[in-house]
Amino acid sequence: VLESITSLAKDTLPGSDGSGLTLVDEGSNRSTSAATGPLVERLDALQYELGEGPCLTAVRDSVTVRVDDLGNDPRWPDWSARAAEAGMSASLSIPLRYAGRTLGALKVYSTRPHVYTADSEDILGRFADQAAILLANMHTLSEAEALEERLLQALRDRDLIATAKGIVMLRENLDADRAVQRLLELSAQRRIAVREVAAEIVASTHTETV
């Protein structure tokens, strides 16, 4: 879907020769999640390498960044020089904002100067809004799936520990509380989690059966 958004952005904005989408995670790690071609990926990689560029400025300051002519724009001297060498002349970057958070940026590049206008900003902004909603929904789904897995694991651990407790009660003729204490003692002595101790105890019964 993200690739479709970048492709549509490139085709919809007159004069665009490429489009890409940069994401920034909670650790400020940046990556190009979708791009219409290798040149876009290379220009993005240059920004990440140099720590400067229109897309990174859009993300950092959460503002729309338009470059009319790279040859006459002093804001990112290193990146602009190398992007111009690659054949780029103009760009437009829009931050992906959702619920007060900037998730990344959507950008388009052009080999011709002065191709982007206020109308271009409005159009690309609409694409960016849709991309931000999609990414936010994906994040929510991912969090829900992670929570579900943690809950399932907690239930599995509970059942495993309960089984191990029963085995210890039978083997050592202990009541329930003392059996739990025994599991905790083994965990402390061996410096491993109670779940691991329980797993070994349960596994040992299978070995004894064989």
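This is a predicted model: local features need pLDDT of at least 70, side-chain atom pairs count only at pLDDT 80 or more; totals for chains, interfaces and linings use all residues.
**Strand β4 and its place in the sheet**

Strand β4, which spans residues 90–98, is mostly covered, with seven of its nine residues buried.

The pairing of β4 with strand β5 (residues 101–110) is antiparallel and comprises nine bridges, whereas three bridges join β4 to strand β3 (residues 65–67), again in antiparallel orientation. Strands β4 and β5 form a hairpin with two residues between them, and within this hairpin Ala99 adopts a positive phi near 50°. In general, the strands of a sheet pair through backbone hydrogen bonds, in either a parallel or an antiparallel manner.

These pairings belong to an open sheet of five strands, arranged in the order β2-β1-β5-β4-β3 with antiparallel pairing. Because β2 (30–35) and β3 are located at the edges and each has a single partner strand, one side of each remains without a neighbour in the sheet. Neighbouring strands of this sheet are turned against each other by 20° on average, with direction ignored. Helix α2 (residues 38–50) packs on the sheet, where the helix touches β1 (18–24), β2 and β5, and the direction of α2 makes about 170° with that of β2.

Conventions: Residues are numbered from 1 along each chain as its sequence is written. Side-chain values use heavy atoms; hydrogens and water are left out. Buried means under 20% relative accessible area, exposed over 50%, partly exposed in between (1.4 Å probe, protein chains only). Helices (H or I, at least four residues) and strands (E, at least two) are DSSP runs, numbered from the N terminus. Two strands pair if DSSP finds at least two bridges between them. Axes are lines fitted to C-alpha atoms, for helices over the stretch in contact, and angles run from 0 to 180 degrees between N-to-C directions. Contact means heavy atoms within 4.5 Å.
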